[in-house]
Amino acid sequence: MSTDKKMLMAAALEATKGLDRPMERRQFMLGAVGLRNDGVIVTSRNIASPEPAPEHHAETRLVRKLTPGSTVWVARVAKGTGDWAMSRPCHNCMRRLRTAGVSRVVYTVGPNEWGVVKP
């Protein structure tokens, strides 16, 4: 199994944390895993918000834990099925990842499918 797939699976697992909360109504969860240039693995997930807010995105929450040269994996998971869905970071998250010096972002596209972008 490739490193990208393993790390996307870890991001998907991070995304599913907290699904058992009674108030959780979102249909998709997003998780992110970062590999810092010192070898430390850091994680984050999106959080529920009454209104959409970029500061609640998994990538934005993760960027505070990264170092320049980090690689990031982002997975979007359907609540009912666990299937992967499109998770390409939004414009604001890409800007934050670029500013943090992230060298590579791998994101889910669909079941067993992913894409790569350099911020």
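**Entry 1: Leu-97 and its surroundings**

I started at Leu-97, which touches Glu-59, Val-63, Leu-66, Val-72, Pro-89, Val-102, Val-105 and Pro-119, leaving out residues up to four places away in sequence. Contact here means heavy atoms within 4.5 Å. I then noted the ground rules: this is a predicted model, in which local features need pLDDT of at least 70 and side-chain atom pairs count only at pLDDT 80 or more, while totals for chains, interfaces and linings use all residues. Residues are numbered from 1 along each chain as its sequence is written, and side-chain values use heavy atoms, with hydrogens and water left out.

**Entry 2: the cores**

Next I looked up the nonpolar cores, a core being a set of buried Ala, Val, Leu, Ile, Met, Phe, Trp, Tyr and Cys residues joined through side-chain atoms within 4.5 Å. For burial I used relative accessible area: buried is under 20%, exposed is over 50%, and partly exposed is in between (1.4 Å probe, protein chains only). The largest core has 16 residues, and Leu-97 is among those with the most contacts inside it, a group that also includes Leu-62, Leu-66 and Val-72. At least two residues of this core come from each of strand E1 (28-35), helix H2 (58-63), strand E3 (71-78), helix H3 (91-99) and strand E5 (104-110). H2 gives the largest share, 3 residues. Apart from this core lies another, of 12 residues, including Ala-11, Ala-12, Trp-73 and Ala-75. I jotted a reminder beside this: in soluble globular proteins, nonpolar side chains tend to be buried together.

**Entry 3: the chain as a whole**

From the N terminus on, the order is α-β-β-α-β-β-α-β-β. Of the 119 residues, 42% are buried. Among contacts between residues at least 6 apart in sequence, 57% join residues at least 24 apart.

**Entry 4: Ser-70**

Where does Ser-70 sit? I found Ser-70 in the loop between H2 and E3. Ser-70 is buried, with a relative accessible area of 0%. A polar atom of its side chain lies 2.5 Å from the backbone oxygen of Thr-67. Beyond four places in sequence, Ser-70 touches Leu-35, Arg-36, Asn-37, Gly-101, Val-102, Ser-103 and Arg-104.

**Entry 5: salt bridges**

How many salt bridges does a search of the whole structure find? I noted 4, each a side-chain nitrogen of Lys or Arg within 4 Å of a carboxyl oxygen of Asp or Glu. Arg-104 pairs with Asp-4 at 2.7 Å, N to O. Arg-104 is in strand E5 and Asp-4 in helix H1 (residues 3-16), so this pair ties together parts that are 100 residues apart in sequence. Arg-104 is partly exposed at 25%, whereas Asp-4 is buried at 14%.

I moved on to Glu-14, which forms a salt bridge with Lys-17, their closest N and O atoms being 3.0 Å apart. Glu-14 also meets Arg-45, at 3.3 Å, N to O. Glu-14 lies in helix H1 and Arg-45 in strand E2 (residues 41-45), so the pair joins parts that are 31 residues apart in sequence. Through shared partners, Glu-14, Lys-17 and Arg-45 form one network. Glu-14 counts as buried at 7% relative accessibility, while Lys-17 is partly exposed at 45%.

**Entry 6: Thr-60**

Back in helix H2, I looked up Thr-60. Is Thr-60 buried or exposed? At 6% relative accessibility, Thr-60 counts as buried. Leaving aside neighbours within four places in sequence, Thr-60 is in contact with Pro-54, Glu-55, Cys-93 and Arg-96.

Notes
Helix = DSSP H or I, 4+ residues; strand = E, 2+ residues; numbered from the N terminus. Polar contact = N/O pair within 3.5 Å; in protein donor to acceptor, adjacent residues only side chain to side chain.
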